[in-house]
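Morning, everyone. I'd like to walk you through one structure today. Have a look at it first.

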Amino acid sequence: SQNSYEDYFLEFSANETLKRYPLTPEGLVIDEPIAVPQSENRICLTKELFYEDALVFKNLKSDWVILRSDKGKHQLKFDFAGFPFLGIWAAKNADFVCIEPWCGIADAANHNQELTEKEGINRLESGEVFERMWKVSLS
């Protein structure tokens, strides 16, 4: 038998108190996080979880997350060490979930619009290199 969307969950590598940063209709970050329903280090997937847009996380302790179900033997492990932000989203009522590690983030709703003061900005001097790597493992 095939698993349903609600049979799946995201399991984080560390114990987290998961709080998402909501987005305004214009896509700006509201700097007042709200708790995400979780069980230990897991978020159970539901279609309703994404009705209010993406789950945006800052500075998680985890460096990987696994998408899996207790009813199946396969899983997807997503390593994102070195990324200070993580976005998790799905289109309304979609049968998928997107996991996106970010080095930057949308402006806060109350930001002064000064680029040099943007949260998550990475400034490089001439000749400097900035690299990050994420990895997906299927098993």
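So, in what order do the three strands of the open sheet run? The order is 5-8-9, and the pairing is antiparallel. Before I go on, two housekeeping remarks. This is a predicted model, so to speak a calculated one: local features need pLDDT of at least 70, side-chain atom pairs count only at pLDDT 80 or more, and totals for chains, interfaces and linings use all residues. Residues are numbered from 1 along each chain as its sequence is written, and side-chain values use heavy atoms, with hydrogens and water left out.

Now some terms. Strands here are DSSP runs of E, at least two residues long, and helices are runs of H or I, at least four residues long; both are numbered from the N terminus. Two strands pair if DSSP finds at least two bridges between them.

Strand 5 and strand 9 are its edge strands, and each pairs on one side only. The twist averages 15° from one strand to the next. Angles like this are taken between lines fitted to C-alpha atoms, and they run from 0 to 180 degrees between N-to-C directions. Take one pairing in detail. Strand 5 (55-58) and strand 8 (residues 85-89) are joined by four bridges, in the antiparallel sense. F57 stands opposite L86 in strand 8.

Let me step back to the whole chain. How many helices and how many strands does the protein chain have? Zero helices, and 10 strands. From the N terminus on, the elements read β-β-β-β-β-β-β-β-β-β. The C-alpha atoms fill a box of roughly 55 × 35 × 25 Å, taken along the principal axes.

Next, burial. Buried means under 20% relative accessible area, exposed means over 50%, and partly exposed is in between, with a 1.4 Å probe and protein chains only. By that rule, buried residues make up 38% of the 139 residues. The chain exposes about 8,800 Å², and carbon and sulfur atoms supply 49% of that. Those areas come from the Shrake-Rupley method with a 1.4 Å probe.

Contacts and charges, quickly. A contact means heavy atoms within 4.5 Å. Among contacts between residues at least 6 apart in sequence, 60% join residues at least 24 apart. There are 15 positive and 23 negative side chains, and the centres of the two sets lie 7 Å apart. Lys and Arg count as positive, Asp and Glu as negative; His and the chain ends are not counted. Each charge is placed at NZ of Lys, CZ of Arg, CG of Asp or CD of Glu.

Strand 1 (residues 8-12) and strand 6 (residues 64-69) run antiparallel, joined by five bridges. F9 stands opposite R68, and F12 has V65 as its bridge partner. Five bridges also join strand 6 to strand 7 (residues 75-79), again antiparallel. Here L67 stands opposite L76. Strand 6 and strand 7 form a hairpin, with five residues between them.

Is strand 6 enclosed or open, and why? Five of its six residues are buried, so strand 6 is largely enclosed by the rest of the structure. S69 belongs to this strand. At 2% relative accessibility, S69 counts as buried. Leaving aside neighbours within four places in sequence, S69 touches N3, D7, Y8 and F9. S69 and L10 are 59 residues apart in sequence, yet 8.8 Å apart in space, C-alpha to C-alpha.

Last topic: backbone angles. Most residues other than glycine have a negative phi. Which residues here go the other way? N59 is one of them, with a positive phi of about 50°. N59 lies in the loop between strand 5 and strand 6, and at 58% relative accessibility it counts as exposed. Q113 has a positive phi of about 70°, although it is not a glycine. Q113 sits in the loop between strand 9 (98-102) and strand 10. At 55% relative accessibility, Q113 is exposed too.

That's my tour. Thanks.
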